[in-house]
There are 2 protein chains.
Amino acid sequence: MALPTHPEHRPDDRPGERLAALASLLADETRAAFCLALLDGRAWTAGELARYARVAPSTASEHLGKLVAGGLLTEERQGRHRYVRLADPRAAHLVEDLAAHTAPPRASPYTLRAASASAAMARGRTCYDHLAGRLGLAVTDAMTVRGLLRQDTGFALTDLGVEWFGEQGIGLDRTGRRPLVRPCLDWTERRPHLAGAAGAALCRHVLDTGWCVRIGSGRAVKVTPRGERALYEGLGIEPRILR
Amino acid sequence: MALPTHPEHRPDDRPGERLAALASLLADETRAAFCLALLDGRAWTAGELARYARVAPSTASEHLGKLVAGGLLTEERQGRHRYVRLADPRAAHLVEDLAAHTAPPRASPYTLRAASASAAMARGRTCYDHLAGRLGLAVTDAMTVRGLLRQDTGFALTDLGVEWFGEQGIGLDRTGRRPLVRPCLDWTERRPHLAGAAGAALCRHVLDTGWCVRIGSGRAVKVTPRGERALYEGLGIEPRILR
DNA sequence: ACGACTCTTCGGCCGGCGCCGAACCGTCCC
DNA sequence: GGGACGGTTCGGCGCCGGCCGAAGAGTCGT
C-alpha cells in the first residue's frame, strides 16, 4: 500500500526548507551561545551550558534536544550527566564560519578579570581542535614564510610542509574524508590560520609534547618555556610575540 | 550627559547575540529560498522573488528589507523596480556553505520538464560567480591531474597553475581582500570545485570567449562546440563528460 | 492625463517558540 | 535508606514574527 502522499506535494518546491531548518538551529540566542561555547572542542554538561547562558535547566534541556536532533551536537550520557559536544569537525566548521561572518569584534572588556582572561585568549587558544589566537596565527605565518604553507594562491601545505610534519613526528591522517588542510578565519584576528586534520594533529602534538598547556579548563592555552624554545628553533617564532 | 546605559548591560554577556541574528536571516524558509535563488549571482527583482517563493509581494518586500539590513543582500533601485543581489562574494560563500551542510540531495524530480532542467543544471551551471556542476568539477579535476591545482594538501593553485592562467590571458586580480582560490563544496556533487577570484575570472573568461553560453536566463550553462575543443585541447577534458 | 504596474506600509491575524516552575525520574554519596 | 543533585517532561504564559489584503506612493507607457 502506497503512502498517502499529498498530490500537491512537490519535493523540490520548497528550496529553502532544509537551509532554513539548519539556520533555525543557530537562530536562537541561547542555542547560538551553546554552540560558541562548545567551539572549545570539549564536552560540556547540560547544567554547565545552562548556567553559562543563564537559562533554566529545563530550557537548556529542550535546546540541547533540538541541537542533537539537528545533527549539530552529539551527546554522551554518563551517570546522571549529559555530556554534549559538537558532532564533528564539519559542525565546528559551520559554527566557526558563521561566527566569522558576524562583523566587528566587540569593544574592550569591562572588568579586570575579563580583561586578563581575554588577553590570555588573544595570546593563544584552541578553536575546536586546532590552535588559534596569536599563537595560531604565529604558527601559520611562520610556516608560510618558511615555505611550508602557501597562502598566496589558495591555502595548502607545500611538499616541504608535508616533510616538516614528518620530521616533527606528527602523523598526517589522509584517509578520512576530512580535508587535510583548510583555513579557519578567526573572528577576532581577521586572518586565516591552519585548521583541518593537519591543524588538529599539530594542536594535539604541541599539547602532548608539553610545548603548550591549557590554562584552567577553558580554551586558552599558554606556551611553556620548552615550547618557546621549540617554536623558535623549529619555526623561528620570536617568544615575545606570544607574550 | 551620559547615555542612560542600563548598569546590568554587559557587552559580551550575550555571546550568541550576533550569531543568532545572522542565522535568523536564513532561518525563515522564504528568505532561505530567496538566498538560494540569488546564488545564481544575478540581480532579481522583488516581484520575481515573490513569485518564485509563492508569497505576496508585501511579504517579499518585508523579507528583502531584513536581508538588506542584515548585510546579506544589496539593492539597487531602477525606476519602479527593486533589484536585489547577494551583497558580495562573502555573502555568497556563507549561503553556499550553509547549503552544503544541508544533508542529502533530494530524490529524482517528478516531471519531465523538471528532469530536463535539472539535468542541464547538473551538466553545468554557475554558482554565484564561478562554474559548478559537472562542468565545474571537470575543470577542477582536469586542472588537478595536470598539476595546475593541488587538492591533496589543501586547495591552492600551483606555480604551473598561475602560469596557465597567464597563458590563457586570464588576469588574476590579487589585490582585493578576496581569496584568490578557495574550494566550493557543491551540494549536489559532494566534491569541491574551484571558487574564489580565480574561479570567477575563469567563469567570466569562458563566457566572454564563447566557450560556454547561459541557457535562458537561469544558472545553467552549456558548452559550445568551440568550448568543447578548447577544453579538450587546453585541459584534456573529454567532451562526452559534459553531455 | 490616465491607467497599468511595481513596490511599500500598515493593521490584524495566527501559529510557533522560547521561557519558566513544578513535578518527576534516575544517579550518586553519605 | 535518605537526601542532594542533575536532567527531563509537561503545562502554561507571553511574545515575536511571518503572512495576507487593502491602501497608497512612485514610475512608466500611451
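Analyst: A:Arg54 counts as exposed, at 55% relative accessibility (exposed is over 50% relative accessible area, buried under 20%, partly exposed in between, with a 1.4 Å probe and protein chains only). Keep in mind that this is a predicted model, where local features need pLDDT of at least 70, side-chain atom pairs count only at pLDDT 80 or more, and totals for chains, interfaces and linings use all residues; side-chain values use heavy atoms, without hydrogens or water. Residues are numbered from 1 along each chain as its sequence is written, while chains are lettered from A and ligands numbered from 1 in the order written.

The backbone is what makes A:Arg54 worth a look: its phi is positive, near 60 degrees, and it isn't a glycine. You'll find A:Arg54 in the loop between α3 (46–53) and α4 of chain A. Those labels are DSSP runs counted from the N terminus, helices being H or I of at least four residues and strands E of at least two.

Helix α2 (residues 29–38) of chain A lies across β1, β2 and β3 of chain A, and runs at about 80 degrees to β3(A).

Now for the strands under those helices. They make an open, antiparallel sheet of three, ordered β1-β3-β2 in chain A. β1 (44–45) and β2 (73–78) of chain A each have a single partner strand, so one side of each edge strand has no neighbour in the sheet. Strands pair here if DSSP finds at least two bridges between them, and β1(A) has two to β3 (residues 81–86) of chain A. Across that pairing, A:Thr45 sits opposite A:Tyr83.

Chain B has strands to set beside these. There too, two bridges join β1 (44–45) to β3 (81–86), running antiparallel, and B:Thr45 has B:Tyr83 as its bridge partner. Strand β2 (73–78) of chain B is joined to β3(B) by six bridges, again antiparallel, with B:Arg77 opposite B:Arg82. β2(B) and β3(B) form a hairpin with two residues between them, and B:Gly79 in the turn has a positive phi of about 60 degrees.

Helix α1 (residues 17–26) of chain A has A:Leu19, A:Ala20, A:Leu22, A:Ala23, A:Leu25 and A:Leu26 buried. Their cover includes α2, α4 and α5 (89–101) of chain A, and it takes in α1 (17–26), α2 (29–38) and α5 (89–101) of chain B as well.

B:Tyr128 isn't a glycine, yet its phi is positive, about 60 degrees. Its place is the loop between β4 (125–127) and β5 (130–132) of chain B. Is B:Tyr128 buried or exposed? B:Tyr128 is buried, with a relative accessible area of 15%, whereas A:Arg54 is exposed at 55%.

Conventions: Contact = heavy atoms within 4.5 Å. Axes fitted to C-alpha atoms, helices over the stretch in contact; angles between N-to-C directions.
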